[in-house]
Amino acid sequence: MTLDPALGAEAALRARRARAEVKRAVHARERSALHVAEHAWEHPDSVEAGLRVTELVDAIPGIGRHRMERVLERLEISPRKRVGGLGSRQRTRLREWLDVDPAPARLIVLAGPTAVGKGTVAQHVRDHYPWIRHSVSWTTRAPRPGEIDGVHYTFVSDAEFDEGLSEDAFLEWAKVHNSHRYGTPRAQVQSVLDTGDSVLLEIDLQGARQIRDRMPEALLVFLAPPSWEELVRRLVGRGTEDEEERSRRLATAEVELASQDEFDAVVINRDVAEAAAEVVALIGR
Ligand SMILES: Nc1nc2c(ncn2[C@@H]2O[C@H](COP(=O)(O)OP(=O)(O)O)[C@@H](O)[C@H]2O)c(=O)[nH]1
Ligand SMILES: Nc1ncnc2c1ncn2[C@@H]1O[C@H](COP(=O)(O)OP(=O)(O)O)[C@@H](O)[C@H]1O
């Protein structure tokens, strides 16, 4: 006997709708992902068993696509697998992972004195930990050679920055080194956090303090130099400031170094890769 193809298509549509309903319920926290998985393993013919593991994990609120991929890799589960088709060791690993509350997406602030290596460490995080997202700040300073608008900063005029202020568009903002204004766009950061990915902000100390007051759940990391001499060496070595600007920045740096206690963690930037790994480990995801 051959199956009527129209009936087959109808059954497939029903199954897709039923799977969508399970995902909706998990996302709305009406059912836990663990409950869905246990049901799938008890009832091999159920809708739950037919869900792809990616669909189940992705439906968990606050997970985010990057994190889902990493989790499945760590659990050694192929993204093509259906929940009902997992082997017993995979089931055990998935059960254990679902049983603990997944860490929520976090806002991470990386601050520290001038030339300590904030930009360098943030770039290393960008290159090696792509699931951590970065906010693009607005600034009134002019682009340096090689800097791209919308990538390194969003370069705006004073009037445009004022407009942003009047619309309450910044999560925090500050006038840095007594010259230009810099601000973190609120909507951009919030939309990334809403997808379940963590966001790293590389901002100055005044901005870090504002974040601490407004978002106590944020993780504040102070990047410190191995020594004062090394900080001076890095500032001079970078060669982007003249003598007068350098002494101004070093005076600020002295004050900033005294503020380490205000932070959740201090990471010493001896080696760029190690410092970046430490920051990522603090985020815990
Ligand atoms: N408060 C605040 N500071 C920022 C923001 N974006 C960048 N900064 C800080 O502004 C300072 C100057 O940055 P930049 O002009 O790129 O120069 P450089 O860091 O000296 O190379 C650095 O300390 C940055 O961390 C922001 O959105 N808010
Ligand atoms: N761990 C490190 N070891 C040696 N040099 C570093 C290290 N981190 C950064 N640097 C160098 O120090 C200088 C300042 O770094 P940068 O990222 O521009 O600092 P910031 O963004 O904090 O002002 C740059 O020339 C950079 O290459």
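Ala, Val, Leu, Ile, Met, Phe, Trp, Tyr, Cys and Pro are counted here as nonpolar, Asp, Glu, Lys and Arg as charged, and the others, Gly among them, as polar. On this basis, the shell around ligand 2 in the predicted model consists of three nonpolar, six polar and five charged residues. Of these 14 residues, the nearest to ligand 2 are G117, K118, G119, T120 and R234. Two helices, helix 6 (118–128) and helix 10 (228–238), each contribute at least two residues to this shell.

Ligand 1 is surrounded by 17 residues, of which S137, A174, Y182, I203 and G207 are the closest. Two or more residues of this shell come from each of helix 6, strand 5 (170–176), strand 6 (180–185) and helix 9 (205–214). The largest contribution is that of strand 5, which supplies four residues. By class, the shell around ligand 1 holds five nonpolar, seven polar and five charged residues.

The packing of two helices was examined next. Two packed helices are described by the angle between their axes and the distance between the axes. For helix 2 (residues 33–42) and helix 5 (88–99), the angle is about 155° and the axes are 9 Å apart. Because angles over 145 degrees count as roughly antiparallel, helix 2 is roughly antiparallel to helix 5. The two helices, helix 2 and helix 5, cross in a left-handed manner. On the side of helix 2 the contact involves A33, L34, A37 and W41, and on the side of helix 5 it involves R91, L94, R95, L98 and D99. This contact comprises six nonpolar and three charged residues, with no polar residue.

Backbone geometry was considered at two loop positions. E76, in the loop between helix 4 (65–74) and helix 5, has a phi near 55°, a positive value in a residue other than glycine. A residue with 12 or fewer C-beta neighbours within 10 Å is exposed, and E76 is therefore classed as exposed, with 10 such neighbours. A115 lies in the loop between strand 1 (107–111) and helix 6. The phi of A115 is likewise positive, at about 65°, although A115 is not a glycine. Since 20 or more C-beta neighbours within 10 Å make a residue buried, A115 counts as buried, with 24 neighbours.

Definitions and conventions
Residues are numbered from 1 along each chain as its sequence is written. Chains are lettered from A and ligands numbered from 1 in the order in which they are written. This is a predicted model: local features need pLDDT of at least 70, side-chain atom pairs count only at pLDDT 80 or more; totals for chains, interfaces and linings use all residues. A residue is near a molecule or strand if its C-beta atom, placed from the backbone, lies within 6 Å of it. Axes are lines fitted to C-alpha atoms, for helices over the stretch in contact, and angles run from 0 to 180 degrees between N-to-C directions. Angles under 35 degrees count as roughly parallel, over 145 as roughly antiparallel, 65 to 115 as roughly perpendicular and the rest as oblique. A crossing is left-handed if the near helix is turned anticlockwise from the far one by less than a right angle, and right-handed if clockwise. Two residues are in contact if their C-beta atoms, placed from the backbone, lie within 7 Å.
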